[in-house]
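Please read these points with the structure open beside you.

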Amino acid sequence: MILICLSKRAPSEQVAIDSYKVYCDLKKTPHLDVEYAHHASGAPYFKGDETTFISLSHSGEWVVCALSQTPIGIDIQQNKEIDYQKISSRFGIVADTLQDFYQKFTLSEAYAKQQSCGLPYALKQIPQIIGTTYTFIKGYTLSIVGASEG
């Protein structure tokens, strides 16, 4: 099961803890006494529950959180008018439109989080990344990369 939670203008730590409680309720498992913490790499985790993986992202006024029993990555980007061709060229992204750029960039960011690898490596994996991209929030692109637990 993958749980995705979105919140406007809430602190990341609060979104993570609230999402964890909902995740436990959906799994019908007890809420463990967890602490929101960060690995040396900066990746978030729940101290006290090493079986639940977490990924967080924030952009503009949104915070998104994904929880899973397997490694998960999530990224959200506010779609701003940028020189995407210049950025694409710098990072080796092949993008025909601004939306295409945001889709590939958010997928790469989510993949980097899921794989615990750097963004430069993830950007080179774009053709092979299997994930899902959403644009249901006006002006934002959200991507998720993770395995389904069935």
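1. A definition comes first: two strands count as paired if DSSP finds at least two bridges between them. In this predicted model, β1 and strand β5 (residues 62-68) meet that rule, with 7 bridges in the antiparallel sense. Within this part of the sheet, Lys 8 stands opposite Trp 62 of β5.

2. How many strands form the open sheet, and in what order? There are 3, arranged β1-β5-β4, and their pairing is antiparallel. The edge strands, β1 (2-8) and β4 (53-59), each pair on one side only. From one strand to the next, the twist averages 15 degrees.

3. A helix lies against this sheet: α1, residues 12-27, packs on it and touches β1, β4 and β5. The direction of helix α1 makes about 35 degrees with that of β5.

4. Now turn to another helix. Helix α3 covers residues 98-115, and Thr 106 lies in it. Is Thr 106 buried or exposed? Thr 106 has a relative accessible area of 0%, and buried means under 20%, so this residue is buried.

5. What does the side chain of Thr 106 reach? The side chain comes to 3.2 Å from the backbone oxygen of Gln 103. Leaving aside residues up to four places away in sequence, Thr 106 touches Asp 75, Gln 77, Thr 133, Thr 141 and Ser 143.

How values were computed:
Residues are numbered from 1 along each chain as its sequence is written. This is a predicted model: local features need pLDDT of at least 70, side-chain atom pairs count only at pLDDT 80 or more; totals for chains, interfaces and linings use all residues. Side-chain values use heavy atoms; hydrogens and water are left out. Helices (H or I, at least four residues) and strands (E, at least two) are DSSP runs, numbered from the N terminus. Buried means under 20% relative accessible area, exposed over 50%, partly exposed in between (1.4 Å probe, protein chains only). A polar contact is a pair of N or O atoms within 3.5 Å; within protein, one must be able to donate a hydrogen and the other to accept it, and residues adjacent in sequence count only if both atoms are side-chain atoms. Contact means heavy atoms within 4.5 Å. Axes are lines fitted to C-alpha atoms, for helices over the stretch in contact, and angles run from 0 to 180 degrees between N-to-C directions.
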